[in-house]
Amino acid sequence: SQQTPEARYESKFNLVELGGEPNASHNGGNLAFGPDGFLYFSVGDRLNNDLHQTIDQNFLGGIFRIDVDRQGADVSFPPKRAPEITRTAGYYIPYDNPLVDVPNALEEYYAWGLRNPFRFTFDRQGRIWAGEVGAATWEEINIIEKGGNYQWPFAEGYVESGKPRPDPLYGVEKEPIFNYVHTAYDRAIIGGFVIEDA
């Protein structure tokens, strides 16, 4: 182990470095190891309206799942391609990620169609709970499922936005388990921990 802060800093290894112009909003997120031992991380849509719902260009608007232990064999494999403006290195992709073998897809995606999944957490059952920071009206809480499409930007909360659904639409559309309208007291939902009774 490294003994000083300077030595620890010098020993760092970046798995993912988001590229593109700096953005003041929706950069995401959070990272945590799941009960399966894989690393999950979230990235917001970075206000990139042209790339909403895309799964083949960059890490945007989703939750991603990677194998940092590079187990190989029948567990994981090296990435077949890299995002366009993001540097990646030092991990493999689990074989059971939902976009594995989808042509041109970035196979790191676990779930997508999210605006700004700023925080998420695992409960005792291994479910992922995510706060989804809303736009002008709605805030959401989602249970994130593998291959789930959480409908941003063509729907928010339980309401259609009027923006067209992509064609083709990848994944299974998922509505939030809870949503609420902005008021003077109920504002952005950031997320946090799941507290359960013993």
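This is a predicted model: local features need pLDDT of at least 70, side-chain atom pairs count only at pLDDT 80 or more; totals for chains, interfaces and linings use all residues.
I'll start with proline 153. It sits in a loop, with strand E12 (148-149) on one side and strand E13 (155-156) on the other. Is proline 153 buried or exposed? Its relative accessible area is 10%, and the cut-off for buried is under 20%, so proline 153 counts as buried.

What does proline 153 touch, leaving aside residues up to four places away in sequence? The contacts are His52, Gln53, Ser161 and Lys163. Take lysine 163 from that list: ten residues separate it from proline 153 in sequence, and the C-alpha to C-alpha distance is 6.8 Å.

Now the empty space. Rolling a probe the size of a water molecule over the atoms shows where such space is left. How many cavities of 30 Å³ or more does the structure hold? The count is one. For the largest cavity, the volume is about 80 Å³. Its lining consists of 13 residues, and those nearest the centre are Leu51, His52, Gln53, Leu60 and Gly61.

Next, the second largest pocket, with a volume of about 150 Å³. Which residues lie nearest its centre? They are Gln53, Thr54, Ile55, Asp56 and Tyr170, out of 14 lining residues. That pocket lining divides into nine nonpolar, four polar and one charged.

Note on methods. Residues are numbered from 1 along each chain as its sequence is written. Side-chain values use heavy atoms; hydrogens and water are left out. Helices (H or I, at least four residues) and strands (E, at least two) are DSSP runs, numbered from the N terminus. Buried means under 20% relative accessible area, exposed over 50%, partly exposed in between (1.4 Å probe, protein chains only). Contact means heavy atoms within 4.5 Å. On a 1 Å grid over the protein atoms alone, a cavity is a set of points where a 1.4 Å probe fits but cannot get out, and a pocket is an open set with protein on both sides within 12 Å along at least five of seven lines; lining residues have an atom within 4 Å of a point. Grid points are joined across faces, edges and corners, and a volume is the space filled by probe spheres set on the points. Ala, Val, Leu, Ile, Met, Phe, Trp, Tyr, Cys and Pro count as nonpolar, Asp, Glu, Lys and Arg as charged, and the others, Gly among them, as polar.
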